[in-house]
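Hi everyone, thanks for making time for this. Let me put the structure up on the screen, and then we'll walk through a few parts of it together.

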Amino acid sequence: MNMSFLQELFNNITQRDALLWRRQGDAVVHDHKVLVEACHDLLESDGEASSITQASRALAIYRQLDDGQKHAFFHTLADVFAADPAQIDATYSAYREARDNSSLQALFNACEPRRQELFRRLNLASGGTYQLVKMREDLLGQLKEAPALQAIDADFAHLFGSWFNRGFLVLRRIDWNTPASILEKIIRYEAVHEIQDWDDLRRRLDARHRRCFAFFHPAIGDEPLIFVEVALHKGLPSRIQPILAGEDAGVEEPEDADTAAFFGISNCQTGLRGISFGNFLIKQVVQELKQELPQLRHFVTLSPVPGFAQWLNEQRESNSLTGATRHALEALDTPDWHQRPELADQLGAIIKPLAARYLAEAKHRSGLPLNPVARFHLGNGAQLHRINWLGDTSTKGLRQAAGLMVNYLYVLDDIERNHENYIANASVARSSEVKDLTKRARKLITGDSPT
């Protein structure tokens, strides 16, 4: 018997049934109670074909819910599809008596919420993985107002951590020959430096001194998970505007470059927030570039500093800075101050040391650096290498960071040590230049503890 023929026939049947349910779901607006019934039916289904069909039906119904109905459905997931307390108590008592692996496994099974098995079965549907990612995106939008739903988010994170394991990710280079459907998504998902139009995208992708790489997952097809833009450079770049304008920084051919500068890393799927891809992406891209261009010596970012301007304003409004420092910073209120060289130089002499203090010593409630970009790169084992004054003079760059940008340097021989020191002691690896700036900041402040 031709098993491949039978498998294809089976797939066609389930896909036909799934398509029928999707069409029916798109024709009727359901409320969350209908979806809850469909979820119960799915959990009770005991055949693969029927489970796929029921999963497709449930997801089709979910797509028709409005925000209020989705909110009600999530609360039902939290309450009705939780673990059974009585079963937990019973299996825990059995484990206390037996203390063996069998009773321990029974306890584990009892503690798992039923919604985790529901999500696994929903994942059987064609396109189910991506639809669950979008479902979590909906959930994340409600957590602030409904913290009781955090348990559901924890279930999603637990499952996605396995489903999107590094071993399943596929690295693909993005260039001007990449299918237009993917290029459109690169334009839409770019979160660091907005891509204005197709000409702008071509400047970033088509030049010989540019590279772009993205992670994809087989279960969600041509939807990128995360991508990074790279400029091949002569020396470490300090300003983003020339890079975005497509200037080659003295690199006529890729072989002329000694530096790979990561100037934009964008997460594409909100529903995968908290699932780490960026550290794997950077490390694999470094290996790809080293293989293609072995003469490259430096791997560095040109990173934004979101939140710095807000922190600086908080220091100005408090008693943290000396009177002379606060007075000097009033120049930031002057229109177009960055276009006046003498004034900009005066401000830079004050703001760069304060930025070094902010990046290296201001702490998040977790005890790690306050700045999220710093947490990402330092956690990956990079070094806080250089603070670039007026590195980004765009409206966004001036608003969020007073024009600052930062180079985080990835020294391949130091990455592991930096990472371990960061994880163990929240230690910030930094260059001597940044250390000197941090010392200079002490003369600009009145207190001794960072805020």
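Let me start with a question: does Cys212 count as buried or exposed? Cys212 has a relative accessibility of 1%, and the cut-off for buried is under 20%, so Cys212 counts as buried. Keep in mind, please, that we are looking at a predicted model.

While we are on cysteines, Cys39 also has a relative accessible area of 1%, so Cys39 is buried. How many disulfides are there? The count is 0. Cys212, for instance, is in no disulfide: the nearest cysteine sulfur belongs to Cys268, 9.2 Å away.

Let's zoom in on E4, which spans residues 259-267 and has 7 of its 9 residues buried. What are its two pairings like? With E3, residues 226-233, strand E4 pairs in the antiparallel sense over 8 bridges, and there you can find Val230 opposite Phe262. To get from E4 to E5, the chain passes through helix H13, residues 278-292, in a right-handed β-α-β crossover.

Next, for those of you who like ring geometry, the aromatics. The structure holds 13 aromatic pairs. Take Trp176 and Trp198: the ring centres are 6.2 Å apart and the planes stand at 75 degrees, so this pair is edge-to-face. Trp176 is in the loop between E1 and helix H10, while Trp198 is in helix H11, 22 residues apart. Trp176 has a relative accessible area of 24% and is partly exposed; Trp198, at 37%, counts as partly exposed too.

Elsewhere, ring pairs join Phe119, Phe156, Phe160, Trp163, Phe164 and Phe277 into a cluster.

Last, two arginines to look up when you have the viewer open. Arg172 lies over the face of Phe216, 4.5 Å from the ring centre. Arg188 lies over the face of Tyr189, at 4.9 Å from the ring centre.

Conventions. Residues numbered from 1 in each chain as written. Predicted model: local features only at pLDDT ≥ 70, side-chain atom pairs only at ≥ 80, totals over all residues. Heavy atoms only, no water. Disulfide = S-S within 2.5 Å. Buried < 20%, exposed > 50% of the residue type's maximum accessible area, 1.4 Å probe, protein only. Helix = DSSP H or I, 4+ residues; strand = E, 2+ residues; numbered from the N terminus. Pairing = 2+ DSSP bridges. Right-handed = clockwise from strand over helix to strand, strands pointing away. Phe/Tyr/Trp six-rings, centres within 6.5 Å; stacked < 30°, edge-to-face > 60°. Lys NZ or Arg CZ within 6 Å of the ring centre and 35° of its normal.
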